[in-house]
Amino acid sequence: MKPSHYNYILSKDSKSYWYNGVSHKFFTLPIELGNKIKPLICNPEILKESAPSFYQKLVDNEFIIDDNVDEIEVIRKRNLETIHSKDYFLVILPTLNCNYKCWYCIQNHIPSMMSQETITRVKKHIDYMIDERNITSLHIEWFGGEPFMYFKQVIAPISEYAIEKCDKAKIPFLNSATTNGYFLSSDKIKDLKRLKFSGFQITLDGDKGNHDKVKFQNGCDSAFVHTLGNIDKILSALKDMNIVLRINYTHKTLTNKIVSQINEYISPENRKQLTITPKKVWQESVDKNFQLSTISILDEFNDYGYNAARMEIVDNFVPCYANREYYNAINYNGGVVKCTACNDLYESNPPGQLQEDGKIEWKNNFDKLYQEKSYENPKCLNCKYLPVCMGICPRDHAKKRNYCKMDAQDSNIETSLIDFIEHCK
Ligand code: SF4
Ligand code: SF4
């Protein structure tokens with residue numbers, strides 16, 4: 001037997017934190033005990049004799065593994081399982097238009113709406129994926145622009161069709177959306193339930209002052225108050241609904257002030273349905289010390305009954321959502337892309353096109369770039385954090401770029417692991 005190469009044994013204050021990157025199992029020990037046992041893990045036989053039950057715990061949780069296990073091969077296998085998993089994640093953009101204009105948004109707000117013809121092609125695509133590609137579940141994520149600008153015209157008819165088709169095929173259906181929340185008024189609640197919406201991601205741009213500076217709409221005094229008011233009504237009416245509140249920040253716009261401001265509009269009984277996740281806007285420079293400020297703000301949110309997204313690490317063996325065969329994003333005009341975080345959606349000549357029969361035609365095997373293993377480079381293969389990171393952006397990998405993605409993030413993996421273990425229920 002030998003120790004796993006991906007054991008992260010960390011300490012903070014009075015605790016020793018143990019996390020294995022391949023099994024994603026973890027536990028804590030008092031720091032004195034952790035420090036005593038840590039060196040023994042390199043000599044599993046001695047540990048087996050001196051502390052047999054603890055040795056067995058480490059074997060069960062894959063901190064100690066068989067001599068003949070090649071962990072890189074295990075990681076490659078799990079990576080392939082996720083890349084080719086038949087759980088289909090389909091992003092649909094009813095429009096590239098939006099009611100707000102935020103300074104950081106990469107999106108040009110093109111006046112646009114999915115046509116009847118493209119809606120028909122999307123329905124055929126759902127048929128094709130269920131009948132011919134044998135997907136095992138369908139998750140539709142509405143995206144934009146602001147998708148709820150065209151709720152009746154696009155979201156409702158496609159959702160109704162998908163629900164019926166999945167019912168007949170006896171496969172699970174999930175409906176969710178990334179939205180600015182402006183249009184999620186009480187009169188939508190019945191429809192959201194009927195169309196099986198179970199999750200939203202809604203963005204705030206810092207505290208009230210900052211959010212209202214970034215998001216402004218004629219006839220609405222405060223986008224911050226309006227959006228949080230909508231969220232609270234939805235959470236009161238739909239007890240299965242979970243909303244991720246993404247707080248986009250620069251180092252100046254994220255302060256503890258935001259906690260009490262959100263408390264004003266979200267009722268205590270609804271807070272457990274809301275998960276807070278702060279994300280640095282990409283234009284902001286990196287400050288590794290800032291992670292402690294975000295952790296302190298998340299701690300405060302937890303104290304008031306909200307969930308906080310602590311898992312800054314990868315646990316499904318792919319570096320990003322786009323790195324999958326059964327993942328596509330269909331634009332309002334029938335263009336198809338893989339990544340929604342780049343400019344492909346705005347290309348006049350998109351990499352994929354939805355055909356009349358519902359199949360997607362990709363240029364130059366574009367989709368295959370997103371089935372590549374973007375950790376297959378010496379830096380990542382030798383990296384201790386490989387299974388909790390899984391390498392760089394697949395687009396950059398295709399362009400043979402060489403860098404460590406952690407260099408661009410405020411967070412560091414070890415702090416994230418400790419923070420995650422500390423708050424895991
Ligand atoms: S990591 Fe790359 S491919 Fe994935 S979402 Fe980000 S930019 Fe797109
Ligand atoms: S991107 Fe950086 S942290 Fe991630 S696996 Fe590669 S070298 Fe390691």
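This is a chat about a predicted model and some of its local features.

Q: Before we start, what should I know about the numbering and the model?
A: Residues are numbered from 1 along each chain as its sequence is written, and chains are lettered from A and ligands numbered from 1 in the order in which they are written. The model is predicted, with local features needing pLDDT of at least 70, side-chain atom pairs counting only at pLDDT 80 or more, and totals for chains, interfaces and linings using all residues, while side-chain values use heavy atoms, leaving out hydrogens and water.

Q: OK, which residues surround ligand 1?
A: Around ligand 1 you'll find C320, Y321, C339, Y370, C393, P394 and R395. A residue counts as near a molecule if one of its heavy atoms lies within 4 Å of it.

Q: And how does that shell split by class?
A: The shell around ligand 1 has 6 nonpolar, no polar and 1 charged residues. Here Ala, Val, Leu, Ile, Met, Phe, Trp, Tyr, Cys and Pro count as nonpolar, Asp, Glu, Lys and Arg as charged, and the others, Gly among them, as polar.

Q: What about the residues around ligand 2?
A: Those are K379, C380, C383, L386, C389, G391, C404, K405 and M406. By class, they divide into 6 nonpolar, 1 polar and 2 charged.

Q: Switching topic: how many aromatic pairs does the structure hold?
A: There are 20 aromatic pairs. Rings of Phe, Tyr and Trp (its six-membered ring) pair if their centres lie within 6.5 Å; planes under 30 degrees apart count as stacked, over 60 as edge-to-face and the rest as tilted.

Q: Take F148 and F151: stacked or edge-to-face?
A: F148 and F151 are stacked, at 5.6 Å centre to centre with 15° between the planes. Both residues are buried (buried means under 20% relative accessible area, exposed over 50%, partly exposed in between, with a 1.4 Å probe and protein chains only).

Q: And F224 with Y265?
A: That aromatic pair is edge-to-face, 6.3 Å centre to centre and 80° between the planes. F224 lies in helix α9 (residues 223-237) and Y265 in the loop between α10 (257-263) and β11 (274-280), so the pair ties together parts that are 41 residues apart in sequence. By the way, helices (H or I, at least four residues) and strands (E, at least two) are DSSP runs, numbered from the N terminus.

Q: Are those two buried or exposed?
A: F224 is buried, with a relative accessible area of 0%. Y265 is partly exposed, at 23%.

Q: Which rings link into a cluster?
A: Ring pairs link W18, F27, F54 and F63. The charged end of K57 also sits over the ring of F27, 4.3 Å from its centre. For that, NZ of Lys or CZ of Arg has to be within 6 Å of the ring centre and within 35 degrees of the ring normal.

Q: Which residues of α6 are buried?
A: Buried ones in α6 include F151, V154, I155, I158, A162 and C166. An α-helix has 3.6 residues a turn, so residues three or four places apart point the same way.

Q: What do the buried residues of α6 pack against?
A: They pack against β6 (87-92), α5 (116-131), β7 (137-142), β8 (173-179), α7 (189-194) and β9 (197-204). Contact means heavy atoms within 4.5 Å.

Q: Where is the cis peptide bond?
A: The peptide bond from G144 to G145 is cis, with omega near 20°. G145 lies in the loop between β7 and α6. Most residues other than glycine have a negative phi, and most peptide bonds are trans.

Q: What about the phi of H24?
A: H24 isn't a glycine, yet its phi is positive, about 60°. H24 is in the loop between β3 (15-20) and β4 (26-30) and is buried, at 16% relative accessible area.

Q: Last one: what is E356 in contact with?
A: Leaving aside neighbours within four places in sequence, E356 is in contact with R121 and K124. The C-alpha atoms of E356 and K124 are separated by 7.9 Å, although the two are 232 residues apart along the chain. E356 counts as exposed, at 59% relative accessibility.
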